[in-house]
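Hello,

Here is the structure I promised to pass on. Please open it and keep it beside this email while you read.

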Amino acid sequence: MNDQTRVEPIRGTRGSNDPGPRNLPVDLQNPDILLPPDTDNGSLPNLKFPFALAHNRLEDGGWAREVTVRDFPASKSMAGVNMRLGPGVVRELHWHKEAEWAYILDGTARLTVVDPDGNVSIDDLTTGDMWLVPAGIPHAIQGMEDGTEFLLVFDDGNFSENETLLITEYLAHTPLSVLAKNFGVSSDHFANIPKSEKYIFRLPVPQPLDVVRGQLPNSPPPHPYVLLASKIEPERYSGGTVKTVDSRVFPMTTLSALIIEIEPGGMREMHWHPDADEWQYYVQGEARMTIFDATNKARTFDYRAGDVGFVPKTLGHYIENTGEDPVRVINVFNSRICSDVSLNQWMALTPPDLIRGHLGLDETVMKALRRTSQPVVR
Ligand code: MN
Ligand code: MN
C-alpha cells in the first residue's frame, strides 16, 4: 500500500495518524467509521453487518448464509438469508414460524406453495421478482436451468434458516406405526425415508411449468403468493428511481419494500418511518447513511454490495451515493404499507414563520423547500 491509499483519522487539528497495527482494507471500506463526520455523536449500536462476515453453510449444489440477531443485535425485528441453488438444486420442503419475504437476485427459481385451502401455487420467478410465504405455510424452492440466488427476509430477528420445520425430519420423528396408519399402508413402506434432513440437495431440473401444473389435481390460482415485481415500472425522480411494493400492489404481503436506485451524486432524502423498522440489503454501488436518534445521537456507516443495514423505527436517516456507479438498495419494512415522513415535506407544509423561527434559514432555503417537498431520491 502506498501512502495515497492510506486513510488517516485526522481532520484539521483533531485526531492523529494511526501507525498501526490496523486492518487497512476494512478501514478503506469504512471511511466514515475511521474518520466520522463531526456531526456524529454519542452511542448508537452497530447498524451494519456484511453477509461476507456471515457463516456460509455449504451443501450439495448450493449454499446459505444468514444475518440474524445473533450476529447483528440491533436487528431484533427482522433477519435475512442469502441463498444460492444451482440448476435443479432444491431447498427442501419446509415451513417456519415466521413470514418469509423473498427477492430474486439472479437466475430463475421455482417456488411451490400449498396453502390450507388446498390452493397450489407453482411459479418460475426471475431477477427482481418476489414472494411472500406466510408463517406456517409449506413450500419448497428449486433452481431452474440457470440456477438462482435470492434474498429472504423474515419478520423476526431470531429466525434461523437452520431451525425450520422440515418434511424429512417430521417423518423421521414420527413412529413408523403412526406413519403407516396416517397413510393407510404398512410400515415397511417407510424403510427408506431419510433419517436426517436433506435441506439443500440436487435433483434434475424440473419439467416446464405448464407440464408440472398439468400433473396436479387443481389448477393453480393466479399468483397469490408471488409478485412479478420485475415487470413493475419504478417511479422516476431527479436522482434515481423507486419501486414501491407493499400490500396495495401485493395483497398477500405482510412486509413491504422499496427497491431504490440512486444515481452517482444523488441521495435518498432525509426521512424516517413512523411505524416500521427498515432492513436494508445493498445490491450494488457504495453508499453512506447517518442514523439520528434522541438525544444528540448520530452515527454514520458506509455500505457496499452484500452489506446489510438496519434503521430502527422512527430514527432519521438518508442514503447518499458516495461512489461512481449507481447504488441499488432494497429496503424491507415490517409493515404492510410503506410509509415515511420526509423532512422536506414536513418543513414545506409547516407555516414558514414557524420554520424561520426555529432554524434561521434564509429565503433561498425556504424557496428550495417548496421545490423539494415530495418524498424523492434527489
Ligand atoms: Mn422458507
Ligand atoms: Mn428509509
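Below is what I found, site by site.

One caution: this is a predicted model.

**The manganese ion (ligand 1)**

Start with this ion. Which residues are the protein donors of the manganese ion (ligand 1)? They are H94 (NE2), H96 (NE2), E100 (OE) and H139 (NE2). Along the sequence their spacing reads H-x1-H-x3-E-x38-H. H94 sits in strand β7 and H139 in strand β11. The two are 45 residues apart, so this pair links distant parts of the chain. H94 and H139 are both buried.

Is R91 buried or exposed? R91 is buried, because its relative accessible area is 1%, and the cut-off for buried is under 20%. Its side chain has two polar contacts to look at. One joins R91 to the side chain of H94, at 3.3 Å. Another runs from R91 to the side chain of T164, at 2.9 Å. Leaving aside neighbours within four places in sequence, R91 is in contact with several residues, including A140, E161, T164 and Y199.

Y199 deserves a look of its own. Its phi is near 60 degrees, a positive value in a residue other than glycine. Y199 is in the loop between α4 (176-183) and β13 (200-201). With a relative accessible area of 1%, Y199 is buried.

**The second largest pocket**

At least two lining residues come from each of β7 (90-95), β8 (100-114), β11 (139-154) and α3 (167-172). By class, the lining has 12 nonpolar, three polar and three charged residues.

**The manganese ion (ligand 2)**

Next, the other ion. Ligand 2 is coordinated by H271 (NE2), H273 (NE2), E278 (OE) and H317 (NE2). The distances are 2.0 to 2.2 Å. The spacing of these donors is H-x1-H-x4-E-x38-H. E278 lies in strand β19 (residues 278-284) and H317 in strand β23 (residues 316-321), so the pair ties together parts that are 39 residues apart in sequence. Both E278 and H317 are buried.

**The largest pocket**

H317 turns up again here. The largest pocket holds about 410 Å³ of space. Of its 18 lining residues, M270, F292, G316, H317 and L343 are closest to its centre. Two or more lining residues come from each of β18 (267-272), β20 (286-293), β21 (297-304) and β23. Which element gives the most? That is β20, with four residues. The lining divides into eight nonpolar, seven polar and three charged residues.

**Backbone details**

Finally, check a few spots along the backbone.

- G20 and P21 are joined by a cis peptide bond, with omega about 0 degrees. P21 is in the loop between β2 (14-15) and α1 (24-29).
- A294 and T295 are also joined by a cis peptide bond, with omega about -10 degrees. T295 lies in the loop between β20 and β21.
- T314 is not a glycine, yet has a positive phi of about 75 degrees. T314 is in the loop between β22 (307-311) and β23. T314 is partly exposed, with a relative accessible area of 43%.

Best wishes

Key:
Residues numbered from 1 in each chain as written. Chains lettered and ligands numbered in written order. Predicted model: local features only at pLDDT ≥ 70, side-chain atom pairs only at ≥ 80, totals over all residues. Heavy atoms only, no water. Donors = N, O, S within 2.8 Å, 3.2 Å for Na, K, Ca; no water. Buried < 20%, exposed > 50% of the residue type's maximum accessible area, 1.4 Å probe, protein only. 1 Å grid on protein atoms, 1.4 Å probe; cavity = no way out; pocket = protein on both sides within 12 Å on 5 of 7 lines; lining within 4 Å. Points joined across faces, edges and corners; volume = space filled by probe spheres on them. Nonpolar A, V, L, I, M, F, W, Y, C, P; charged D, E, K, R; others polar. Polar contact = N/O pair within 3.5 Å; in protein donor to acceptor, adjacent residues only side chain to side chain. Contact = heavy atoms within 4.5 Å.
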